[in-house]
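Reader: I would like to learn how to read packing features from a set of coordinates, taking one kind of feature at a time. Could we begin with contacts and then go on to helices?

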Amino acid sequence: MTRSVKSSALNTAPICLFAYNRPVHLQRTIDALKSNRLASQSDLIIYCDGPKTFDDKAAVQEVRSIGRSVSGFKSLKVVEQAANLGLSRSVINGVTETCEAFGRVIVLEDDLVVSSSFLDYMNTALQIYEGDESVFSIHGYVFPVKIRLPETFFLLGADCWGWATWSRAWRQFEADGVELLQKLTRERLLRRFDFNGAYDYTGMLKQQIDGQINSWAIRWQASALLKGGLTLYPGRSLVRNIGFDETGTHSYATDEFDVEISHDPVRVERIPLREDTIAFEAFADYYRSIRPSFLRRAARWLMRKAR
């Protein structure tokens, strides 16, 4: 028996939006969010990180000015950090605070442009799967794979470009990368973590451990996989990442992840709580198709960051 939720009956989750020093990107993210019917019923919390250097101060202040002027939401809270926490610490702290206060959260960063149906999809899925302990998160971005995907589907693990979770799942987040790597190794999950060898997520986790990157997302993904957690995806992307233009702290220029977002509503109904093997293979094939150029670009980016 399928189960759906009428939009009029939705109890909307708060939205956490993390920003730093990209005012143009932030404005586009906010404008896209406001196009959602449920924006006016949603609490918005904008976390503005502090400047890392003197040169960042002007852009950081502009971001904060944009944040303070936002309208069109049920409520607005702007958290302005005095010091630079970095994205990883900002996200971990902000998601933890919001989950403790509200029990669930929708998470965005300042370079994600969402569909006008994004909030309906997120809130409906949060409500339908709230009581399912094996479902860890809801995700809005989907790779431009070659096949037509189901209306919604599950994959093991977690993701980071327009997502939502509950406090029960976020409590499973493990911040210690060494502990995660040891558990993945002990439980023989490293190959699965790497999408059967299609993408070097293990390498990213090791880089996080070594301090080469500061990623909360790789630890969230590992944490969820180790617990057998599922993430729900839409069959067509409701999120577009506009940050791969070398303006972000952790980004480089590429169009390999670019998608045309869908504004058509996603039909969210209860589906079996298991990984979709066809969707998994489609993701793995996509990873393999971009891997050579991605690795070259990533290597150049890491070399620049190390200088």
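Author: Contact here means that heavy atoms lie within 4.5 Å. Please keep in mind throughout that this is a predicted model.

Reader: With that cut-off, which residues does Val95 touch, not counting residues up to four places away in sequence?

Author: Val95 touches Phe18, Val105, Val107, Trp163 and Trp170 once those sequence neighbours are set aside.

Reader: How does one describe two packed helices?

Author: Two packed helices are described by the angle between their axes and the distance between the axes. Here helix α1 (residues 23–34) and helix α2 (residues 57–68) pack with their axes 9 Å apart, at an angle of about 20 degrees. Since angles under 35 degrees count as roughly parallel, α1 is roughly parallel to α2. The crossing in which α1 passes α2 is right-handed.

Reader: Which residues of α1 and α2 meet, and how does their contact divide by class?

Author: From α1 come Pro23, Leu26, Gln27 and Ile30, which meet Ala59, Glu62, Val63 and Ile66 of α2. By class, this contact of α1 with α2 has 6 nonpolar, 1 polar and 1 charged residues.

Reader: At what angle do the axes of α6 and α9 cross?

Author: The axes of helix α6 (residues 177–186) and helix α9 (residues 217–226) come within 10 Å and cross at roughly 40 degrees, and the two helices are therefore oblique to each other. Their crossing is left-handed. On the α6 side the contact is made by Gly177, Leu180, Lys183 and Leu184, and on the α9 side by Arg219, Ala222, Ser223, Leu225 and Leu226. The residues of this contact of α6 with α9 divide into 5 nonpolar, 2 polar and 2 charged.

Reader: Finally, is Gln208 buried or exposed, and what is it in contact with beyond its neighbours within four places in sequence?

Author: Gln208, whose place is in helix α8 (residues 201–210), counts as buried because its relative accessibility is 12%, and buried means under 20%. Leaving those neighbours aside, Gln208 is in contact with Gly177, Ile213, Ser215, Ile218 and Arg219. Among these, Gly177 of α6 and Arg219 of α9 also take part in the contact between those two helices.

Key: Residues numbered from 1 in each chain as written. Predicted model: local features only at pLDDT ≥ 70, side-chain atom pairs only at ≥ 80, totals over all residues. Heavy atoms only, no water. Axes fitted to C-alpha atoms, helices over the stretch in contact; angles between N-to-C directions. Helix = DSSP H or I, 4+ residues; strand = E, 2+ residues; numbered from the N terminus. Parallel < 35°, antiparallel > 145°, perpendicular 65-115°, else oblique. Left-handed = near helix turned anticlockwise from the far one by under 90°. Nonpolar A, V, L, I, M, F, W, Y, C, P; charged D, E, K, R; others polar. Buried < 20%, exposed > 50% of the residue type's maximum accessible area, 1.4 Å probe, protein only.
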